[in-house]
Amino acid sequence: MPVTRLQSHLHRTSIGVGRLRSLEPVVIRFGRLGDMVILSSLLHFLHDRFHNRCIVLGAGSWNAQLYRAHPDVERIWSFARHIPFVLSLTWWRVLWALHRTAPGPIYVCERHPRQLARIRRLLGLSGVDRARCLFITDFLTQEDEHWVDRFVRFGEQTPPALDPADYPLPLHTGQRAPRLHVTDSERAQRDAWLHERGWCGRRLVLVQPGNFRTMSRRRERWRRLNADDKAWPMQNWVDLLRGVQATMPDAVIVLCGAPQEGLLLQQIAFAAAPAHIAVVELPLRPLLALCEAATAMISIDTGPAHAAAALGLPLIVLYGAESPACWLPRSPSASPVLAVGGPPTSTRVDQISVADVLCAWRTLRELERQASRPG
């Protein structure tokens with residue numbers, strides 16, 4: 001290498017170590033809970049690549065709860081989901097904050113046209129250099145590609161404003177997966193909560209029957225039109241709970257959900273009526289702490305299922321129209337996650353039989369027994 005080129009190379013390397021290799025990535029995604037859990041796989045990748053924690057722009061106040069104390073997140077900016085963004089204080093704060101992230105990369109992970117229009121307007125008004133930005137919609141998708149892999153592949157791209165040589169891809173072996181974290185204080189509160197109920201040392205099986213439509217203000221309309229492809233008949237839940245309890249009579253079966261789903265949970269518990277079924281309506285952070293301490297989960301394809309897997313909880317997920325190939329939750333600890341249903345086997349959860357879910361339950365228990373054997 002000629003002296004001048006060598007000097008240039010050394011100069012760029014020194015800059016890269018001191019400044020360029022410590023950029024603050026901005027990641028934009030206006031998704032629901034499960035989408036944002038999956039997004040954590042990209043945040044971890046970008047943190048490794050750019051040697052700095054990420055700034056996340058989302059929609060929904062729960063984003064701050066989801067990423068509380070997360071080692072890959074520097075801060076969260078969240079818009080309200082149901083009011084125009086320009087009417088919120090967050091809009092103006094983000095306009096100002098985006099300036100301060102230069103020259104860091106901006107990864108736009110949104111794909112819905114309406115939200116993309118808002119994001120482009122936000123970036124334009126903030127005066128962000130377009131060469132700092134990448135949009136996931138500009139990259140070709142691969143058939144049946146899992147969203148974790150798609151996000152990481154997106155993170156491997158480099159905005160035009162940056163030199164890829166200055167930001168080499170982090171080395172990694174194995175399967176990428178989302179990651180969530182529970183704090184020590186949350187664990188202490190959870191353990192005290194379990195002690196109050198006499199559940200310390202008991203095996204806990206979490207059951208999540210609801211989804212975003214059962215929490216919606218339009219949930220009665222969804223039910224009346226039979227338009228919820230993730231809804232499972234109540235009698236199926238009753239039969240499943242009785243089957244699970246027959247295989248684990250010493251376990252506590254916990255029906256989980258948001259406060260909006262309280263009536264649904266109570267109805268299922270009342271109809272099932274075995275001795276050890278409990279109903280809990282938990283905010284997000286206590287639910288994450290409970291997932292960390294539980295034995296297993298059975299869930300509809302919904303956000304809490306992705307959160308449970310990200311905390312290493314073995315689980316079974318019931319699918320409607322979505323493809324498990326693209327959406328099956330992943331665990332960073334490789335704990336088992338089994339899918340039941342989904343195309344082409346079924347396109348609605350109510351097409352799944354109780355027998356199929358109980359078969360998956362027996363398989364999950366056997367996998368856990370094998371994993372616990374010494375050697």
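**Core.** I looked up the largest nonpolar core: of its 62 residues, L39, W199 and L206 touch the most other members. Such a core is a set of buried Ala, Val, Leu, Ile, Met, Phe, Trp, Tyr and Cys residues joined through side-chain atoms within 4.5 Å. Buried means under 20% relative accessible area, exposed over 50%, partly exposed in between (1.4 Å probe, protein chains only). Helix 2 (residues 33–50) gives the largest share of this core, 10 residues. Helices (H or I, at least four residues) and strands (E, at least two) are DSSP runs, numbered from the N terminus.

**Model.** This is a predicted model: local features need pLDDT of at least 70, side-chain atom pairs count only at pLDDT 80 or more, and totals for chains, interfaces and linings use all residues. Residues are numbered from 1 along each chain as its sequence is written, and side-chain values use heavy atoms, with hydrogens and water left out.

**P304.** I found P304 in helix 13 (residues 303–310). P304 is buried, at 12% relative accessible area. Leaving aside neighbours within four places in sequence, P304 is in contact (heavy atoms within 4.5 Å) with L33, Q208, L287 and M297. Q208 is 96 residues from P304 in sequence, yet their C-alpha atoms are 7.7 Å apart.

**Helix 7.** Which residues of helix 7 are buried? I noted E186, R190, W193 and L194. They cover an arc of only 100° around the axis, so they sit on the same side of helix 7. The arc is that of the directions from the helix axis to the C-beta atoms. The face turned away from the buried side carries the exposed residues D184, H195 and E196. After helix 7 comes G198, with a positive phi near 75°.
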